[in-house]
Amino acid sequence: MMKHSFEQSAKTVAVRQDWHCMRCGRNTRDGSWPGVSTHHRQLRRSASPDVRDSPANLVRLCGTGTTGCHGWVHAHPALARRFGWIVSMWADPRRVPVKDWRGQWMLLDADGDFQPISRGEAIRLISENTNETIEGDDDDNE
Ligand SMILES: [Zn+2]
């Protein structure tokens, strides 16, 4: 099974997003407030090892686990699932689309590429990700 290094994947994800925050589009390259972090869409303990630290499971967000868009995602998990920024524990991150800062939906693959998809297809796929459940959270700032 392919293992990804978190550090390498985080660099790939930054380039994939052209240094924008996935949610708000802020340029995260200069390190200005509120900073930047790489968020695990699916909890590390829930994700299968071949996907866990791969670019399919990571998005770059401004802020930390408590500030900026990263903080927002953790404070609003039900909403964040509707945008694919959080992936439910039973889903495959490669099959749960994510919405970017421009409003474009895409599927992310484990190699760091992405495939734009239509809003209709995204809504169909995202519906499988949004069963309302209480999930634990972990601190995935790294
Ligand atoms: Zn942001």
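Asp18 counts as exposed because 11 C-beta neighbours fall inside 10 Å, and 12 or fewer is the cut-off for that class. The model is predicted. Asp18 belongs to the loop between α1 and β1 and comes just after α1. Although Asp18 is not a glycine, its phi is positive, at about 50°.

**The loop between α1 and β1**

Trp19 also lies in this loop. Its phi is near 70°, again a positive value in a residue other than glycine. Trp19 is partly exposed, with 14 other C-beta atoms within 10 Å.

Thr28 is found in the loop between α1 and β1 as well. Is Thr28 buried or exposed? Thr28 is buried, because 25 other C-beta atoms lie within 10 Å and the cut-off for burial is 20 or more. Leaving aside neighbours within four places in sequence, the contacts of Thr28 are Trp19, His20, Cys21, Val36, Arg60 and Cys62. Between Thr28 and Gly68 the C-alpha to C-alpha distance is 11 Å, with 40 residues separating them in sequence.

The loop between α1 and β1 holds Pro34 too. The peptide bond from Trp33 to Pro34 is cis, with omega near 5°.

| Residue | Other C-beta atoms within 10 Å | Class |
|---|---|---|
| Trp19 | 14 C-beta atoms | partly exposed |
| Thr28 | 25 C-beta atoms | buried |

**Helix α1**

Helix α1 covers residues 6–16, and its buried residues are Ser9, Val13 and Arg16. Viewed down the axis of α1, these buried residues fall within an arc of 55°, so they line one face of the helix. An α-helix has 3.6 residues a turn, so residues three or four places apart point the same way. Glu7 and Val15, on the other side of α1, are exposed.

**Overall fold**

The secondary structure consists of four helices and five strands, which follow the pattern α-β-β-α-α-β-β-β-α along the sequence. The radius of gyration is 14 Å, close to the 14 Å given by the globule rule for 142 residues, so the protein is as compact as a globular protein of that length. The C-alpha trace spans about 35 × 30 × 30 Å along its principal axes. Of the 142 residues, 39% are buried. Among contacts with a separation of 6 or more, 63% join residues 24 or more positions apart.

In soluble globular proteins, nonpolar side chains tend to be buried together. Here the largest nonpolar core has 25 residues, and those with the most contacts inside it are Met22, Val59, Leu61, Trp85 and Val98. Two or more residues each are given to this core by β2, α2 (68–75), β4 (105–108) and α4 (119–127). The largest share, four residues, comes from β2. Beyond its neighbours within four places in sequence, Val98 is in contact with Met22, Val59, Phe83, Gly84, Trp85, Met106 and Leu108.

**Confidence**

The average pLDDT of the protein is 90, and 90% of the residues score at least 70. Over residues 133–142, however, the pLDDT is below 50, and this stretch has 15 contacts in the model beyond near neighbours in sequence. Where pLDDT is low, the predicted coordinates should not be read in detail.

Methods. Residues are numbered from 1 along each chain as its sequence is written. This is a predicted model: local features need pLDDT of at least 70, side-chain atom pairs count only at pLDDT 80 or more; totals for chains, interfaces and linings use all residues. The arc is that of the directions from the helix axis to the C-beta atoms. The radius of gyration is taken over C-alpha atoms; the globule rule is 2.2 Å times the number of residues to the power 0.38. Two residues are in contact if their C-beta atoms, placed from the backbone, lie within 7 Å. A nonpolar core is a set of buried Ala, Val, Leu, Ile, Met, Phe, Trp, Tyr and Cys residues joined through C-beta atoms within 7 Å. pLDDT is the predictor's confidence in each residue, from 0 to 100.
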